[in-house]
Amino acid sequence: MQKARITLGHTDISIRPIGLGCMGMSQFYGDADEDESVATIHAAIDAGIDFFDTSDIYGAASAATGQPQKGFGHNEALLGRAVRGVRDELVLATKFGARLAPEGGVAFDGRPEYVAAACDASLRRLGIDHIDLYYCHRVDPTVPIEDTVGAMADLVTAGKVRAIGLSAVGPDLLHRAAAVAPISALQSEYSLWAREVEQEVLATCRELGITFVPYSPLGRAALAGRFTSGTALSGDDFRATLPKFQEENFEHNLRLIEGLQAFAAERGHAPGQIALAWLLAQPYDIAPIPGTKRAAYARQNAAATAVPLSADDIAYLADLFDPARVRGGQYGTLDVRPQGRSS
């Protein structure tokens, strides 16, 4: 049975099991209308969603083209505008640590002084006095994670942050980070067609009492049935760079998704709702954050908490998307580099 609410780690912060990822409102998946994005956030709130996810870098650049888009911090400012007046009813999460390098590409910066400065800047853009959940977006390999997490813990002591989290790290770094301060959430990719975290990461989260927050739980809209055979992605769409969306891989994966669509149709639900319900049925504390810039999809995703799946259903879907059947890894080649220096 699905939980009505999820508690983040060892905190007193509780959320509905499905949140809203706001990244696509600023970049990566083609252009977005700001007024429509704000309306989508409002529709999500009306549907009962109270957990919203952003990052300071969303809007800064397109990983597909490398060209500046709406600007660093755009997504935070957009979310801040949308939640004005209802902020106290919501749980807001944002991230630091990824930023544009002067020479191009994306830089990772985990220096303690940058942690503090980035937090202050995010608070200003969001228009709030504290961040509920503050993530290190990507770990800076030149700075010990203990130093970065120590600086994040200082923000909790200062009252600027309620809880801290990490993104896209493995068991070793999770253990090292948790030895410094309580880690409340880990955000990494997880969906029916991206199951790498099942090998060790989810068990580590359970061991350490960390809530797992899957990003791209709908396979970047593929599992929601948004694509058909022969779909051509536009040049400013980040998905065009991803292995699962490449030519033969994509056509093969679409055949698996057709099985999901047939399963969903038999039960009278949207395929994306089935994909989300499968995640919620896993034996872990999980809070997916499907992204959308359309109000109808936000409402549809929120309703996935009421979709029942039997043990046989869960096993069938897991087998349909057995990792050995899915073609293509998570990412292609991205221009990323460390920016921080050990102090």
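Predicted model: local features only at pLDDT ≥ 70, side-chain atom pairs only at ≥ 80, totals over all residues.
**Whole chain.** Start with everything selected. The C-alpha atoms fill a box of roughly 55 × 40 × 40 Å along the principal axes. Switch to cartoon. The secondary structure comes to 10 helices and 12 strands. The radius of gyration is 19 Å, close to the 20 Å that the globule rule gives for 343 residues, so the chain is as compact as a globular protein of that length.

**Contacts.** Next, show contacts between residues at least 6 apart in sequence. Of these, 75% join residues at least 24 apart.

**Inside and outside.** Colour by relative accessible area. Buried residues, those under 20%, make up 55% of the 343 residues in the chain. The chain exposes about 13,800 Å². Carbon and sulfur atoms supply 50% of that area.

**The second largest pocket.** Rolling a probe the size of a water molecule over the atoms shows where empty space is left. Go to the second largest pocket, which holds about 170 Å³ of space. Select A168, V169, S188, V197 and Q330: of the 11 lining residues, these are the closest to the pocket's centre.

Which strand supplies the largest share of this lining? Select residues 185–189. This is strand β10, and 3 residues of the lining come from it.

Last, colour the lining of the second largest pocket by residue class. How many of its residues are nonpolar, polar and charged? The lining divides into 7 nonpolar, 2 polar and 2 charged residues.

Conventions:
Residues numbered from 1 in each chain as written. Heavy atoms only, no water. 1 Å grid on protein atoms, 1.4 Å probe; cavity = no way out; pocket = protein on both sides within 12 Å on 5 of 7 lines; lining within 4 Å. Points joined across faces, edges and corners; volume = space filled by probe spheres on them. Helix = DSSP H or I, 4+ residues; strand = E, 2+ residues; numbered from the N terminus. Nonpolar A, V, L, I, M, F, W, Y, C, P; charged D, E, K, R; others polar. Rg over C-alpha atoms; globule rule 2.2 N^0.38 Å. Buried < 20%, exposed > 50% of the residue type's maximum accessible area, 1.4 Å probe, protein only. Contact = heavy atoms within 4.5 Å. Areas by Shrake-Rupley, 256 points an atom, 1.4 Å probe, with all protein chains shown as cover.
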